[in-house]
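Dear colleague,

Please find the structure below. My notes on selected parts of it follow.

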Amino acid sequence: MCYTAHSEIGKIKTLFIKNVQQAFVSETRIEQYWKSLNYLGKPDFRLSVKEYETFQSVLEENGAQIFYLPEDATVNMDSVYCRDASIATNKGMIICNMGKEGRVNEPLAEKKAFEANGISVLGTIVAPGTLEGGDVAWLDENTLAVGHTYRTNEEGIRQLTALLKPLGVEVITVPLPHYKGSADVFHLMSILSPVDTDLAVVYSPLMPIVFRNFLLQRGYQLVEVPEEEFETMGCNVLALAPRICLMVDGNPKTKTLLENKGCTVILYKGDEISVKGGGGPTCLTRPIYRYK
């Protein structure tokens, strides 16, 4: 087939999103939950809706077929970051088991949405295993990097490896540091965003030396996010197609570095929907298929 689920960089064919109106629901709901979910600040509902409309329009303008995750009373604000609850493969979705307590119902909610749209399920990660989609990144069709983090544990990686073995996929485990601790959002894709077969955006200070060298040995050029742009999500870059990059506004140095590598960079204002909740454009989307 001319498309694959085993890619972070091909032109997006189909993807799921969870509109912020269905995730945040109302100003009252935000007020009730933003602190317990460890948001950096309280999102403004009206501004969130406005930001999300712009974000969604970029996806539409770039030709993606969009499926929508519905409002669901069993999940919370974090469900807007829909990448985390599942992983797409060429044989169906892998349903995750979340490492963050406030997000435990999201995988089942996504599973129901996939099935309602005729998308098959390959398998499910079950306790004591935990696995979140933000901790996985395809390096090529047969190689998946997986962060060993506070959200994704050894048993979750073992189950994932077993599910992918019949597909001929090699799983590379990337042990990540403590950083800010178990309450913080810190995934593999916090420090790695592939944007072409030989180009990746990275934050090297938090990257294991062995894995960084592995990327270099595979022929990757590394776009190094400066320290002052890490917390503002400079490293969280969604490839809409090879070297067509979508990122949060406010990271001019990283933007220039990408452009110097021949990338087209599209910006969206994400103060409310991205920065406060710790979820950039990769987190806000669950791509299913990309063109090869």
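**Notes on the model**

Q56 sits in helix α3 (residues 45-61); helices here are DSSP runs of H or I with at least four residues, strands are runs of E with at least two, and both are numbered from the N terminus. This is a predicted model, in which local features need pLDDT of at least 70 and side-chain atom pairs count only at pLDDT 80 or more, while totals for chains, interfaces and linings use all residues. Residues are numbered from 1 along each chain as its sequence is written, and side-chain values use heavy atoms, without hydrogens and water.

Q56 is buried, at 11% relative accessibility (buried means under 20% relative accessible area, with a 1.4 Å probe and protein chains only). Beyond its neighbours within four places in sequence, Q56 contacts I17, N19, I66 and Y68 (contact: heavy atoms within 4.5 Å).

E8 lies in the loop between β1 (3-4) and β2 (12-17) and is likewise buried, with a relative accessible area of 7%. Residues touching E8, apart from those up to four places away in sequence, include R83, W138 and R290. The E8 side chain comes to 2.9 Å from the backbone nitrogen of W138.

In helix α5 (residues 154-164), the buried residues are G156, I157, Q159, L160 and L164. Viewed down the axis of α5, they fall within an arc of 160 degrees and so line one face of the helix; the arc is that of the directions from the helix axis to the C-beta atoms. Among the elements covering them are β4 (86-89) and β9 (170-175). N153 caps the N-terminal end of α5, with a side-chain oxygen 3.3 Å from the backbone nitrogen of E155.

Yours sincerely

Notes: Buried < 20%, exposed > 50% of the residue type's maximum accessible area, 1.4 Å probe, protein only. Polar contact = N/O pair within 3.5 Å; in protein donor to acceptor, adjacent residues only side chain to side chain.
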